[in-house]
Amino acid sequence: DEVRVVSMGRPNAQGKIPFSVELCGGTHVSQTGEIGLFRLLSDSAVSAGVRRIEGVAGATALAHLTQAEGRLASVAQALKTTPAEVDTRV
């Protein structure tokens, strides 16, 4: 789903970029802690000064990380090493 983005703080010296740009969890939940785990999937430039991020949250984020751990464990087993040493072995 699309979420609202909130800009906070004063613009920089050039007057173009706010101090902070945040995803707004308050519109969809009563507390941002309800969102739980957030996993960033992609980050790309849309236009000058504008970025697009895509991610998953909550149970979907946990399932995504569990699948990634499973893939890493399979690769580690095939390389006869531990998940922590996969990059060195490769």
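# Notebook: helix, hairpin and surface

I began with helix α1, residues 58-78, which has 21 residues. From its first C-alpha to its last it reaches 31 Å, close to the 30 Å expected at 1.5 Å a residue. I note here that the model is predicted.

Next I looked at what follows the helix. Just after α1, Lys80 takes a positive phi of about 55°. I flagged this value, as Lys80 is not a glycine. Most residues other than glycine have a negative phi. I placed Lys80 in the loop between α1 and α2, the latter being residues 86-89. Is Lys80 buried or exposed? Its relative accessible area is 70%, so Lys80 is exposed, the cut-off being over 50%.

I then listed the secondary structure of the whole protein. I found 2 helices and 4 strands. Along the sequence they follow the pattern β-β-β-β-α-α.

I turned to the hairpin. Strand β3 covers residues 38-47, and strand β4 covers residues 50-57. How many bridges join β3 and β4? The two strands pair over 8 bridges, in the antiparallel sense. I looked up two of the facing positions. Leu40 stands opposite Gly55 in β4, and Ala45 stands opposite Arg51 in β4. The hairpin has 2 residues between the strands. In this hairpin I also found a positive phi, near 75°, at Gly49.

I searched the whole structure for salt bridges and got 1. Which residues form the salt bridge? Arg52 forms it with Glu54, and the closest N and O atoms are 2.9 Å apart. I checked the exposure of both partners. Arg52 counts as partly exposed, at 46% relative accessibility. Glu54 is also partly exposed, with a relative accessible area of 36%. Both values lie between the 20% and 50% cut-offs, which is why neither residue is called buried or exposed.

I looked for a nonpolar patch on the surface. Phe38, Leu40 and Ile53 form one, with about 260 Å² of accessible area together. I placed Phe38 in β3. Phe38 has a relative accessible area of 41% and is partly exposed. A patch residue needs over 30% relative accessible area, so Phe38 passes that cut-off.

I went on to the loop between β2, residues 20-23, and β3, where Glu34 has its place. Glu34 is partly exposed, with a relative accessible area of 47%. How far apart in space are Glu34 and Gly58? I read 8.2 Å from C-alpha to C-alpha, for a pair 24 residues apart in sequence. Residue 58 also opens helix α1, which runs over 58-78.

I closed with totals. The protein has 90 residues, of which 9% count as buried. Its accessible surface comes to about 7400 Å². Carbon and sulfur atoms hold 55% of that surface. I also looked at contacts between residues at least 6 apart in sequence, and 10% of these join residues at least 24 apart.

Notes: Residues numbered from 1 in each chain as written. Predicted model: local features only at pLDDT ≥ 70, side-chain atom pairs only at ≥ 80, totals over all residues. Heavy atoms only, no water. Patch = residues over 30% accessible without salt bridge, like charges linked within 9 Å, V, L, I, M, F, W, Y side chains within 5 Å. Areas by Shrake-Rupley, 256 points an atom, 1.4 Å probe, with all protein chains shown as cover. Salt bridge = Lys/Arg side-chain N within 4 Å of Asp/Glu carboxyl O. Buried < 20%, exposed > 50% of the residue type's maximum accessible area, 1.4 Å probe, protein only. Contact = heavy atoms within 4.5 Å. Pairing = 2+ DSSP bridges. Expected span 1.5 Å × (residues − 1).
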